[in-house]
Amino acid sequence: MFRFFKRSAPEKLVQLNPAEIPQEPSAVEPREPVTSAADQTEAATPTPLPADAEPSAQRPEPLAQASEPAPPSASSSTESESAFFDPAVAFAEAFEVINAEKAAAEALRPASLRERLAASSESFRLKLGSLFDRNPKLDENLLEEIETALLTADLGVAVTTDLIDTLRGRIKRRELADAEALYEGLRADLLAMIEPLAAPLQIDLEAKPHVVLVVGVNGAGKTTTIGKLAKHLKLNGASVMLGAGDTFRAAAVEQLKVWGERNDVLVVAQGTGADSASVIYDALQSAKSRKVDVLLADTAGRLHTQSHLMNELSKVKRVMAKLDPTAPHEVLLVLDGTTGQNAVNQARQFHQAMGVTGLVITKLDGSAKGGIIFALAREFKLPIRYIGVGEKLEDLRSFEPTEFIDALLPARTPPPETS
Ligand SMILES: Nc1nc2c(ncn2[C@@H]2O[C@H](COP(=O)(O)OP(=O)(O)OP(=O)(O)O)[C@@H](O)[C@H]2O)c(=O)[nH]1
Ligand SMILES: [Mg+2]
C-alpha cells in the first residue's frame with residue numbers, strides 16, 4: 001500500500017494498492033539517449049539566479065490511452081461453423097479459453113515480493129534453512145555457521161556480531177528450547193531491526209510543490225525511481241513536475257524527458273552542461289507558479305568522494321532555499337542494493353553532505369542479498385521510502401518489513417509431531 005499524503009484532501013486522493021496499478025507494456029528505461037527534433041530547441045540558455053524569466057518547461061503531448069481490448073473478431077466461428085455440433089470439441093474449446101484467460105490473469109498479477117527477491121535471497125534462505133533442517137545442537141558450531149550465512153548475505157560485521165552475541169546470551173541463559181526457537185528468535189530480532197524504517201514518503205500538499213531532491217551515485221537508479229514515482233503520485237491524484245538537474249551525463253536530460261512523456265508530466269530542463277542548481281531553481285519557480293503538488297528533482301550521479309560534485313549538491317539546496325526556505329522537503333538517497341557494504345559508505349557521505357531524509361534501495365531483484373538493509377538500519381535509522389525490485393512501473397514497492405522478512409527468511413513450518 002502506498003501512503004503518500006500528509007495533509008491531503010481525502011476525497012481527492014485515493015490510496016493505491018500497487019496491485020491495482022495498470023500495467024504498462026514496458027516501463028523499462030532506455031539507457032541510450034532518445035533523440036528527437038525537440039531536443040535541439042530544448043537547450044535553453046541557463047537562467048541566471050535569481051531568475052525572473054519564465055522557466056524552460058516542456059509540455060509533452062498527453063500519452064496515448066492504453067489500448068482498448070480488441071473488439072471480438074468478425075471472422076469468428078459464424079462463417080466457418082461446422083454443420084455438426086460436437087459437444088466434445090465445444091468442451092475442449094471452452095477449456096482452452098479458460099486456460100488462456102487464466103494464463104493472461106497470471107501474467108498480469110504483480111509478482112509477490114518473495115518471487116521478486118527470489119534471486120537475491122535464495123542462497124541465504126537455503127543456507128540458513130539447511131542448517132536448521134538437521135535439528136542441530138545449540139552450540140558454538142551452530143552459531144558460527146549462522147554467522148557465516150549472515151555475513152555472506154551482506155548484513156555486515158557489526159550487525160552480524162550483534163545478532164550472534166544476542167543469540168549466544170540466550171543460549172547461555174537457556175532461554176531457547178531448541179534450534180527452531182533459535183531460528184524464530186533470529187527472525188524476530190531481524191524484524192525488530194527494520195520495523196522502525198517503514199515510513200512511506202509523505203507529501204505535504206500545502207507545500208506546492210513538495211520538493212523531492214533525488215541523489216545518489218552513478219547508476220543507482222535515481223532517474224528510473226523518479227519515473228516510477230511520478231506515475232504512482234499521479235495515480236494518487238497529485239500533480240507532478242520533473243526537474244532535469246542531471247546536466248552532467250549526455251543522455252540524462254533525454255532519459256528524464258522520456259519518463260515525462262510517458263507519465264504526461266512537465267519536465268523542466270536545460271541542455272547538458274548547464275548549471276544544475278539553475279535548472280532546479282527554474283523548475284521550482286515553475287512548479288510554484290503552476291501550483292504543482294510535487295517536484296521531483298533529478299541530479300547527476302556522483303561518487304561520494306568527488307567533493308566538487310558534492311558541493312554542487314549543497315549549492316542546489318542553497319539556491320532552492322531562496323525560493324522556498326523549507327525546500328527540499330525530502331532528500332531521497334537512492335542506493336543500489338547490489339553494491340553491498342559500499343552502500344553504507346555512500347549513505348554516510350551523502351547524509352553528512354546533504355542531510356538525507358529517506359532511502360530507496362533498488363535492484364533487490366538482482367544479485368543483491370537484501371542484508372544491506374539491516375546494515376543501513378543499524379547505522380542510520382533512515383526511513384526506507386521504497387524498494388526497487390525491477391525495472392517496471394509496478395516494481396517500486398513501499399517497504400513492508402514483515403513482507404520483507406517473509407521473503408528473506410520465511411517462518412518455518414514446525415516439524416511434524418512424532419507419536
Ligand atoms: N533490476 C533492476 N534494475 C533497476 C532498478 N532500478 C533501476 N534499474 C536499472 O538500473 C539502471 C540505472 O538506472 P538509472 O535510473 O539510469 O540510474 P541513475 O542513478 O539515474 O544513473 P545516473 O543518471 O547515471 O547517475 C537502468 O538500467 C535501470 O533500468 C531495479 O529496482 N531493479
Ligand atoms: Mg539518472
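Ala, Val, Leu, Ile, Met, Phe, Trp, Tyr, Cys and Pro are counted here as nonpolar, Asp, Glu, Lys and Arg as charged, and the others, Gly among them, as polar. On that basis, the shell around ligand 1 in this predicted model comprises 11 polar, 9 charged and 5 nonpolar residues. The residues around ligand 1 number 25, and those that come nearest are G221, T223, T224, G301 and G388. Among the contributors to this shell, helix α9, spanning residues 222–235, gives the most, with 3 residues.

A helix pair may be considered next. Two packed helices are described by the angle between their axes and by the distance between those axes. Helix α6 (residues 140–152) packs with helix α7 (residues 156–172) at an angle of about 155°, and their axes lie 10 Å apart. Because angles over 145 degrees count as roughly antiparallel, α6 is roughly antiparallel to α7. The crossing of α6 past α7 is right-handed. On the α6 side, the contact is made by L143, I146, E147, L150 and L151, and on the α7 side by T160, L163, I164, L167 and R168. Sorted by class, the contact of α6 with α7 holds 7 nonpolar residues, 2 charged residues and 1 polar residue.

The loop between α6 and α7 contains D154. This residue, which is not a glycine, has a positive phi, near 75°. D154 has 25 C-beta neighbours inside 10 Å and therefore counts as buried, the threshold being 20 or more.

A positive phi is also found at K381, again a residue other than glycine, with a value near 55°. K381 is placed in the loop between α14 (372–380) and β8 (384–388).

P209 belongs to the loop between α8 (179–194) and β2 (210–215). A cis peptide bond likewise joins A327 and P328, where omega is about -5°. P328 is located in the loop that lies between α12 (307–323) and β6 (330–336).

Terms used. Residues are numbered from 1 along each chain as its sequence is written. Chains are lettered from A and ligands numbered from 1 in the order in which they are written. This is a predicted model: local features need pLDDT of at least 70, side-chain atom pairs count only at pLDDT 80 or more; totals for chains, interfaces and linings use all residues. Axes are lines fitted to C-alpha atoms, for helices over the stretch in contact, and angles run from 0 to 180 degrees between N-to-C directions. Helices (H or I, at least four residues) and strands (E, at least two) are DSSP runs, numbered from the N terminus. Angles under 35 degrees count as roughly parallel, over 145 as roughly antiparallel, 65 to 115 as roughly perpendicular and the rest as oblique. A crossing is left-handed if the near helix is turned anticlockwise from the far one by less than a right angle, and right-handed if clockwise. Two residues are in contact if their C-beta atoms, placed from the backbone, lie within 7 Å. A residue is near a molecule or strand if its C-beta atom, placed from the backbone, lies within 6 Å of it. A residue is buried if 20 or more other C-beta atoms lie within 10 Å of its own, exposed if 12 or fewer, and partly exposed in between; C-beta atoms are placed from the backbone.
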